[in-house]
Amino acid sequence: MLERYMGLALEQARLAWAEGEVPVGAVVVKDGEVIATGYNQPIGRHDPTAHAEIVALRAAAAKLGNYRLPGCELYVTLEPCVMCSGAMMHARLARVVYAARDPKTGACGSVLDLFEQERLNHHTEVQGGVMADESSSLLKAFFAERRAAARKLPAADEHGPTGCSA
């Protein structure tokens, strides 16, 4: 089942890529049923909070009519950041399953581990590494494509982009 739900999250990540967003996708599951999905959209929505996890949490909360999501699990293709981890704790998720580790902003153990803070009042089970290779490959391919596209951009000549030396 883990691979099935993570596979759906990877499909969401591909939707993000198709829109020029970093390919991260998320799926919320309750009682074995997918109740919400999301993918990264901060660029397109002009919203720094529109990470895949937040988009999926908002959709799940709307569907259930409750900002608390007890008994729900969230599957995401990249280790959640601090913002998303905080939202997951406030939503009272039962479990978070992620694919690839994020050594730059991961808040499930890579940079820090919010879920292991005993002083916090809610504790969510966390499992990492599910389909990590697939997720990592998708992210690497996305950024390689971006770097290649950036190299193809014409360089401004010595007089600047307008051609004027003034």
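Colleague: Against which elements do the buried residues of α3 pack?

Modeller: This is a predicted model, in which local features need pLDDT of at least 70 and side-chain atom pairs count only at pLDDT 80 or more, while totals for chains, interfaces and linings use all residues. Residues are numbered from 1 along each chain as its sequence is written, and side-chain values use heavy atoms, with hydrogens and water left out. Helices (H or I, at least four residues) and strands (E, at least two) are DSSP runs, numbered from the N terminus. The buried residues of α3 pack against β1 (25-30), β2 (33-39), α2, β3 (72-78) and α4 (82-91).

Colleague: Which residues of α3 are buried?

Modeller: Buried means under 20% relative accessible area, exposed over 50%, and partly exposed in between (1.4 Å probe, protein chains only). In α3 the buried residues are Ala52, Glu53, Ile54, Val55, Ala56, Leu57, Ala60 and Ala61.

Colleague: What does UniProt list for Glu53?

Modeller: The unreviewed UniProt entry lists Glu53 as "active site"; such annotations may be inferred rather than shown by experiment, feature names are shortened, and positions are given in the numbering used here. Glu53 counts as buried because its relative accessibility is 4%. Contact means heavy atoms within 4.5 Å. Not counting residues up to four places away in sequence, Glu53 touches Ala26, Leu74, Val76, Leu78, Pro80, Cys81, Cys84 and Met88.

Colleague: Where is Pro80 placed?

Modeller: Pro80 lies in the loop between β3 and α4. With a relative accessible area of 0%, Pro80 is buried. Pro80 and Ala107 are 27 residues apart in sequence, yet 5.9 Å apart in space, C-alpha to C-alpha.

Colleague: Which residues lie nearest the centre of the largest pocket?

Modeller: Of its 24 lining residues, Val22, Val24, Leu78, Asp102 and Leu139 lie nearest the centre. The helix α5 gives the most to this lining, with five residues.

Definitions and conventions:
1 Å grid on protein atoms, 1.4 Å probe; cavity = no way out; pocket = protein on both sides within 12 Å on 5 of 7 lines; lining within 4 Å.
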